[in-house]
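Student: Hi! I've got a new model open and would like to talk it through with you. Shall we start?

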Amino acid sequence: MSAITRDEVAHLARLSRLALTDEELDHYATQLGDIIESVAKVAEVAAEDVPPSSHALPLTNVFRPDEVRQSLTPEQALSGAPAVEDDRFRVPRILGEEE
Amino acid sequence: MTVETAMPYDEAIERFEPVLGLETHVELGTESKMFCGCKTTFGAPPNSQVCPTCLALPGSLPVANAKAIESTIRIGLALNCSIAEWCRFARKNYFYPDMPKNYQISQYDEPLCFDGYLDLEIDGETVRIEIERVHLEEDTGKSTHMGGSAGRIHGADYSIVDYNRAGIPLVEIVTKPIPGTGKLAPEVAKAYVTELREIMRTLGVSDVRMEEGSLRCDVNVSLMPRGGSEWGTRTETKNVNSLRSVERAVRGEIERQAAILAAGGRIVQETRHFHEDTGTTTSGRSKEEAQDYRYFPEPDLVPIAPDPAWVEELKATLPELPSVKRKRLQAEWGLSDLDMQAMHNADAIDLVEATVTAGAPPADARKWWMGELARRANESGRALADLPITPRQVARVTELVASGELNDKLAREVLEGVLAGEGTPDEVVDKRGLKIVSDDGELAAMIDEVLAKNADAADKVRSGKIAAVGALVGGVMKASRGKADAARARQLILEKLGVSE
Amino acid sequence: MSLIRKTAAELGAMIAAREVSATEVAEAHLDRMAEVEPQVQAFLHVDRETTLEQAAAVDARLRAGEQLGPLAGVPVAHKDLFTTRDMPTTAASKMLEGWRPPYDATVTRRLREAGLVILGKTNMDEFAMGSSTENSAYHVTRNPWDLTRVPGGSSGGSSASVAAYEAPLATGTDTGGSIRQPAAVTGIVGVKPTYGGSSRYGVIAFASSLDTPGPFARNVLDAALLHEAFSGHDPMDSTSIDAPVPSVVEAARNGDVAGMRIGVIKEFSAGEGAQPGVLARFNETVQLLESLGAKVVEVSCPSFETALPAYYLIAPSECSSNLARFDAMRYGLRVGDDGTRSAEEVMALTRAAGFGPEVKRRIMLGTYALSSGYYDAYYGQAQKVRTVIAREFEAAFHQVDVLVSPTTPTTAFPIGERVDDPMAMYLADLYTVPANMTGNAAISVPCGLADEDGMPVGLQIMAPVLGDDRCYRVGAAVERALESRWGGSLLAKAPAL
């Protein structure tokens, strides 16, 4: 029994916006299952009272002054865009909610 | 779309107790964006205020704007919050085309400010709104939906996106649930947002223009049957972008939910959209299929640990907050609660105060702003503050009245002239020739004419019916087209007719 | 001796003395590339004209009397993870095929300012995910020592280009060993500076809290010169350290280990899973250090072995979020936009088509580790491991000045051997990931050839945060002693291409 089911992989693929084929889902279910089993070792090491570290180094308070810097030109900003209309990025119709 | 029924408001309140929750987003008025140096000017040409960072180009990184952090802490302090000793930004992960990185840099379980409150005065009573948290995040870009019907997302063929707004610092202020407001719920919601707006203005952290979206409000409403103890399921109404709409959205949602509950239905936990045109809400995304935002600490930014001494200094240098100021001015100006409330509702307090500062007596300043100017604003559908007249100009008008150079009627004409763009009050007086005529020679000529035309009235006065002088003075005013000094004219008429009072 | 065999320091000195022009040096390397690229395939993008323009510009600056650094006019191969205005930047992914960034990475900008001449963009594992460069969406790069073997990864194009004398210097990025491991398996020097010592601005992010740009070179001094040229505080990177760059060049010139305390990590020298030839060279090198006057002690760091599983939770978690921006909306590939599909569908189709299998695997693994219900057990727990590792490092550095281990458990493996076995591939990072977890500086220097296969073995030297100079000092000592024993560099033993 794998640590992760095919349905779970399908859910992860949806969350990650990856349109996977059925074949890929099966393949990843096995591979991810193996990997997850193996990395689960982390549970054995750290005790309850160990604080987590999100960063490699304990830096704090790095800010920039509120100063304007040169922006890109609209041409530069749009230079890599797959589609442009009216100086804006043209994107396929958006599902979901209105802003 | 299903047509939803609504229960009349009074009946709804009789049967149910509303519980409110408000999430307010305020765009900070910083010069540059939250995590990059792009400008924040509203209305710039599309995609002209973007850079690798706010466009999320590969390789770009965020660096936090110090001013935005400071402003957020000042907002927290003004809302009586505790300030975190150490906190982090977090990534909120979800895909959406107007969000360039497909995660929003926000704060999750470590907000910069937390556990505060804001006291509101409503009908002479103090209502305390508990503040859960104040945190800092970034705004998204703006999509325009093309094809389909009238720019709506549903049925659109495609969209076009401008990222100028993406990355503008956004402060989110979240209340704790607010029970016990009863039928005042809509008013409380509106008063809360109004007060927040004034605090932001006083702090100078945002221009809080709801119509430009720099202050936006999400309204949570749930109902609990009277006498019940368990709160109902809540809905979250988004897109509420004016003070009046806040009130209407709460009221509308109470009426809608009450009708559903009374009919034995159940409330779906969902996001609803408010429509300014109809004042109603429609269903958006159901929250029951919960989003998994996979929050985690933002590794590209380091934690924030505000120096307590600095926080103390920010606290000590906060400006006088609006509620404190209102109490002080009310006492200074000697106004009743009712008068003060009326001025507050009309957004006139700051204007009156500025007018007083410019030299006008408080009563006069108030009279003009709440009278003639309020009427003019109302006629033209504008806010008082948006009228093209300055407090200094209003003060000058009161000065001219006090010195006898203008009377009230002339003063109104002067105001009209200023509003019409004819110049300063003095310029309008000159151009329109509005000075009071108090020169005895000029008045005498007019009086002679009036007496000649009104022999009956003149006789009545001569015979001791002094009250009849009013008609004669009126005649002089008419002849002078309102410019005569009425008191002096009266005096001269009586002298001429040989009558004394 | 031909120009391509010279060290970067020598080339820099010759160019500064006007004995040779930057253009001539660039041409010599471009010619070498033309000769060996068909076999090695280290580069994704080469543009002779752009390179020669850069060289000509440096020559002009020098003629005008401008004072440039010691590497002015020296060519460098640049990993395709750094943004470059004048060359495409793809991260070896189809997702970014042909993308021309409108901005230079900080490292790129500093290379240009120091007068280095960029020869081209080097191949790598897609988005820096891999240990063999086989995950490139474009082609496989071969190890110059044995063309049937991998050059390591993810910066395998960089290591191969330097080992094949196509470039005297190369840039790389090290997230879990992506500089040190390819350096070790190609017999060259590779350095992971202290995290925050070199800027990540303009480095296409894999795992933000781990990614560290660093240098490749054929000797320790050259690596130090390149390190110094592009490192240092960058206000565009919040995690950049606002402190002077450790004096790495001086340390590389010094190379004296007498009296230094050197800790051998017990858990990484016990031999479990390691190739005997690798261990043999490692042990000899430790003895060598002792003979040079260093004091060698054994140090136990029991949680270091858990660094690998923790790494394979943290790096995928961060990458799942970092790679979300590749969504077909603003740049890069767009697939399936037929006018009827929604943005959501186009995103999913594009990402399925544009990302390779390893990238997809890591994105899903990271999404899993961060999702509600699993966060505490996986991502949260991995972050605790990180704290434990930091404590063990701290304790160890109370006792010793540097820690040493083999850089990799095995020498370069054959192309294709581990492609379908992610777990085996991940093991290549076993010894290198602890330093990434805690931001420590580390270097890999060649320490001989394994008896079994005649392939290069690397020695890893780890130092405390901002102790990068110690890595160079010990590395230089090892290099000096071994080269005098070998009568030249290790690379001189490589078969001719």
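Student: What radius of gyration does chain B have, and what would a compact globule of 501 residues have?

Tutor: First, keep in mind that this is a predicted model. Chain B has a radius of gyration of 30 Å, while a compact globule of 501 residues would be near 23 Å.

Student: Okay, and what does the C-alpha trace of chain B span along its principal axes?

Tutor: About 95 × 55 × 50 Å for chain B.

Student: How much of chain B is buried?

Tutor: Buried residues are 44% of the 501 in chain B. As for its contacts, if you take those in chain B with a separation of 6 or more, 68% of them join residues 24 or more positions apart.

Student: Nice. How many helices and strands does chain B have?

Tutor: Chain B has 16 helices and 15 strands.

Student: In what order do the three strands of the open sheet in chain B run?

Tutor: The order is β5-β4-β15 in chain B, with antiparallel pairing.

Student: Why is one side of β5 and of β15 in chain B left without a neighbour in the sheet?

Tutor: β5 (103-106) and β15 (296-297) of chain B are at the edges and have a single partner strand each, so one side of each has no neighbour in the sheet.

Student: How many bridges link β4 and β5 of chain B?

Tutor: Four bridges, in the antiparallel sense, join β4(B), residues 90-93, to β5(B). Look for B:Lys92, whose bridge partner in β5(B) is B:Gln104.

Student: Changing topic to the interfaces: how many residues of chain C and chain A are in the contact?

Tutor: Chain C puts in 58 residues and chain A 44 residues.

Student: Which elements of chain C each supply at least two residues to the side that touches chain A?

Tutor: They are α10 (307-322), α11 (343-354), α12 (357-370), α13 (376-399) and α14 (422-426) of chain C. Of these, α13(C) gives the most, with 11 residues. By type, the side of chain C that touches chain A has 30 nonpolar, 16 polar and 12 charged residues.

Student: And how many residues of chain C are in contact with chain B?

Tutor: There, 33 residues of chain C meet 25 residues of chain B. On the side of chain C that touches chain B, two or more residues come from each of α10, α11 and α12 of chain C. The most come from α10(C), with three residues.

Student: How do the residues of that side of chain C divide into nonpolar, polar and charged?

Tutor: On the side of chain C that touches chain B, 16 are nonpolar, 11 polar and six charged.

Definitions and conventions: Residues are numbered from 1 along each chain as its sequence is written. Chains are lettered from A and ligands numbered from 1 in the order in which they are written. This is a predicted model: local features need pLDDT of at least 70, side-chain atom pairs count only at pLDDT 80 or more; totals for chains, interfaces and linings use all residues. Two residues are in contact if their C-beta atoms, placed from the backbone, lie within 7 Å. Ala, Val, Leu, Ile, Met, Phe, Trp, Tyr, Cys and Pro count as nonpolar, Asp, Glu, Lys and Arg as charged, and the others, Gly among them, as polar. Two strands pair if DSSP finds at least two bridges between them. The radius of gyration is taken over C-alpha atoms; the globule rule is 2.2 Å times the number of residues to the power 0.38. A residue is buried if 20 or more other C-beta atoms lie within 10 Å of its own, exposed if 12 or fewer, and partly exposed in between; C-beta atoms are placed from the backbone.
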